[in-house]
Amino acid sequence: MAGGDVPNRPTYLGDSRLDDVARMVFELTSELWILKDRVLVLEDQLQRSGALAAGAVDAAVPDEELAERLGAERRRLASRVYGAVLGSDERVSAALS
């Protein structure tokens, strides 16, 4: 998990809460890039194979089942990003619940 498992985290920006915000930004940026990279590669591969027309993803409207899945994934992402400021025990507890 992001944020490290150090009992006493060092302060880099002069304030521990500011460091927490920086950790959240880094976690979010990392997650965003991973997803963006994978989506771009996947779309490219699908278009090259003819399985997906250019622009089809942007034009798609999710049905109820997909909308529910997207909502659940959005909540998990928010939990991980905002959970980056929690201590190790709290993060583990949240991940297990």
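Let's start with Asp-20 and Arg-23. They sit three residues apart in helix 1, so about one helical turn separates them. This is a predicted model, so keep that in mind throughout. The two side chains form a salt bridge, with the closest N and O atoms 2.6 Å apart. Are these two residues buried or exposed? Both Asp-20 and Arg-23 are buried. For Asp-20 the relative accessible area is 7%. The cut-off for buried is under 20%, so Asp-20 qualifies.

Why can such a pair form at all? Side chains of opposite charge can pair when their charged atoms come close.

Which residue does Arg-17 bridge to? Arg-17 forms a salt bridge with Asp-20, and the closest N and O atoms are 2.6 Å apart. Arg-17 and Asp-20 are both in helix 1, which covers residues 16–49. They are three residues apart, about one turn of the helix. Arg-17 has 53% relative accessibility and counts as exposed, whereas Asp-20 is buried. The exposed class begins over 50%, so Arg-17 falls in it.

Arg-17, Asp-20 and Arg-23 are linked in a network of salt bridges. Asp-20 bridges to Arg-17 and also to Arg-23.

Next, another pair in helix 1. Arg-48 and Asp-44 meet through their side chains in a salt bridge, 2.6 Å from N to O. They are four residues apart in helix 1, about one turn. Asp-44 is partly exposed, at 30%.

What is the count for the whole structure? A search finds five salt bridges. I have shown you some of them, including Arg-17 with Asp-20 and Arg-48 with Asp-44.

Last topic: the nonpolar surface. Which residues make up the nonpolar patch? They are Tyr-12, Leu-13, Leu-18, Val-21 and Val-25. Together they have about 500 Å² of accessible area. Take Val-21 as one of them. Val-21 is in helix 1, and it is partly exposed, with a relative accessible area of 41%. Patch residues need over 30% relative accessible area and no salt bridge, so Val-21 at 41% clears the area cut-off.

To recap. Arg-48 pairs with Asp-44. Val-21 is part of the nonpolar surface patch.

Note on methods:
Residues are numbered from 1 along each chain as its sequence is written. This is a predicted model: local features need pLDDT of at least 70, side-chain atom pairs count only at pLDDT 80 or more; totals for chains, interfaces and linings use all residues. Side-chain values use heavy atoms; hydrogens and water are left out. A salt bridge is a side-chain nitrogen of Lys or Arg within 4 Å of a carboxyl oxygen of Asp or Glu. Helices (H or I, at least four residues) and strands (E, at least two) are DSSP runs, numbered from the N terminus. Buried means under 20% relative accessible area, exposed over 50%, partly exposed in between (1.4 Å probe, protein chains only). Patches are made of residues with over 30% relative accessible area and no salt bridge: like charges are joined within 9 Å, nonpolar side chains (Val, Leu, Ile, Met, Phe, Trp, Tyr) within 5 Å. Accessible areas come from the Shrake-Rupley method with a 1.4 Å probe; for residues, only the protein chains shown count as cover.
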